[in-house]
Amino acid sequence: MSVRTASRVDWVDYAKGICIILVVMMHSTLGVEKAAGDVSWLSPFIAWARPFRMPDFFLISGLFLASRIDRPWRSYLDSKVMHFAYFYVLWMTIQYLTKGYGIYQAEGVSGALGAYLLGFVQPYGTLWFIYMLAVFFVVVKALRNISPVLVIAAAAVLEMAPVHTGWLLVDEFASRFVYFYAGYWLAARVFAYAEGASRKSALALLAGLFIWGYSNAVFVHAGWSEWPGVGLAMGAVGALAVVTMGVVLAKFRLAEPVRYCGENSIVIYLAFFLFMAASRSLLLKFSPSLDLGVVSLVVTFVAVVGPVLLFWSVRQTRLTLLFRRPQWARLWQQPVMKLRMI
């Protein structure tokens, strides 16, 4: 298995890179289509990735939790809650500032203030994933003495149940917790699967991925991915498929930028909305005749690369606090943690 350092596993970073690019592409494409009032040729691909895009992200986020879950609560809360809470509040505020004036004009001071405060209990915009990670870390530690079989069974029932309250915290918890907990509980098996996959031939791995990809497309097109139980199975199988993609890329040292995106996935996730919104507006305004699929791809590229360039430009300045949690935002003083998603 290709490992660059003792703390980073290449196939994990490749898999995370695939996930973050798919997430940005989804938001970019849907945003372009909504602004243009039309559907692009990328829409079927966005639908194809839906069953596994977020399940894999959550599964990978839980992979390394087992080695840390027995830490004292204070240390655990600092690294697994305060870490994400800091970035959530900071970037929620930044996102709000880009929209707050419009809310103020429409709803007045009370409406604008209420919209901001609501973000503390109702995950805000694209940042809901960061919010849910902090929640999941607390819930898993709280349940660590409960039989994992019971927890995973209950989580699976929640995923299959039609939980649609309109409250993002409740709905996303029901839909996603099973994948995060599976990443935590089955981490050894996931790593064993990746190790076994790395020993197989490239032809066998690519053949397996082709069969999965085609089957996934058939199920999505037929609408079966929305069926209770089927969607759960597709999320699980799709997550393993992304792990396999990560193994293939790591094995042959392909697509190094994808690995780098995975290593810095939180940087991209926090800031991509700024570059996505700006590039979308400019392209649709000044190139209205450009194909919507092409516009979506350009917006995706800008929204992925832009945050990385911003990170490079501020990492030696005081603005590094945009992506690195400062000492004052910790439960106690300790060496600065390297920015990470998991």
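**Figure 1. Overall fold of the chain.** Read along the sequence, the elements follow the order α-α-α-α-α-α-α-α-α-α-α-α. The chain holds 12 helices and zero strands, where helices (H or I, at least four residues) and strands (E, at least two) are DSSP runs numbered from the N terminus. The model is predicted, so local features need pLDDT of at least 70 and side-chain atom pairs count only at pLDDT 80 or more, while totals for chains, interfaces and linings use all residues. Residues are numbered from 1 along each chain as its sequence is written, and side-chain values use heavy atoms, with hydrogens and water left out. The C-alpha trace spans about 55 × 55 × 45 Å along its principal axes. The radius of gyration of the chain is 20 Å, which agrees with the value near 20 Å for a compact globule of 342 residues; this radius is taken over C-alpha atoms, and the globule rule is 2.2 Å times the number of residues to the power 0.38.

Figure 2. Of the 342 residues, 50% count as buried; buried means under 20% relative accessible area, exposed over 50%, and partly exposed in between (1.4 Å probe, protein chains only). The chain carries 29 positive and 16 negative side chains, with the centres of the two sets 9 Å apart. Lys and Arg count as positive and Asp and Glu as negative, whereas His and the chain ends are not counted; each charge is placed at NZ of Lys, CZ of Arg, CG of Asp or CD of Glu. Among contacts between residues at least 6 apart in sequence, 81% join residues at least 24 apart, a contact being heavy atoms within 4.5 Å.

**Figure 3. The largest nonpolar core and W91.** This core has 99 residues, and those with the most contacts inside it are W11, F58, W91 and F323. Helix α3 (residues 73–118) gives the most to this core, with 13 residues. A nonpolar core is a set of buried Ala, Val, Leu, Ile, Met, Phe, Trp, Tyr and Cys residues joined through side-chain atoms within 4.5 Å. Not counting residues up to four places away in sequence, W91 touches L127, L270, A271, F273, L274, L322 and F323.

Figure 4. F58 sits in helix α2 (residues 43–61) and is buried, because its relative accessible area is 0%. Beyond its neighbours within four places in sequence, F58 contacts W128, F129, M132, L133, F136, R176, Y179 and F180. F58 and V178 are 120 residues apart in sequence, and their C-alpha atoms are 8.9 Å apart in space.

**Figure 5. L22 in helix α1.** Helix α1 (residues 10–36) contains L22. L22 counts as buried because its relative accessibility is 10%. Its contacts, leaving aside neighbours within four places in sequence, are F45, A49, F52 and R53. A distance of 21 Å separates the C-alpha atoms of L22 and W91, which are 69 residues apart along the chain.

**Figure 6. S296 in helix α12.** S296 belongs to helix α12 (residues 292–314). With 0% relative accessibility, S296 counts as buried. Apart from neighbours within four places in sequence, S296 is in contact with S28, T29, V32, S40 and L42.

Figure 7. Most residues other than glycine have a negative phi. R253 is not a glycine, yet has a positive phi of about 55°; this residue lies in the loop between α9 (230–251) and α10 (256–263). R253 counts as partly exposed because its relative accessibility is 41%. A255, also not a glycine, has a positive phi of about 55° and is found in the loop between α9 and α10. At 36% relative accessibility, A255 counts as partly exposed.

**Figure 8. L150 in helix α5.** L150 lies in helix α5 (residues 148–160). A relative accessible area of 57% makes L150 exposed. The C-alpha atoms of L150 and T320 are separated by 42 Å, and the two residues are 170 apart along the chain.
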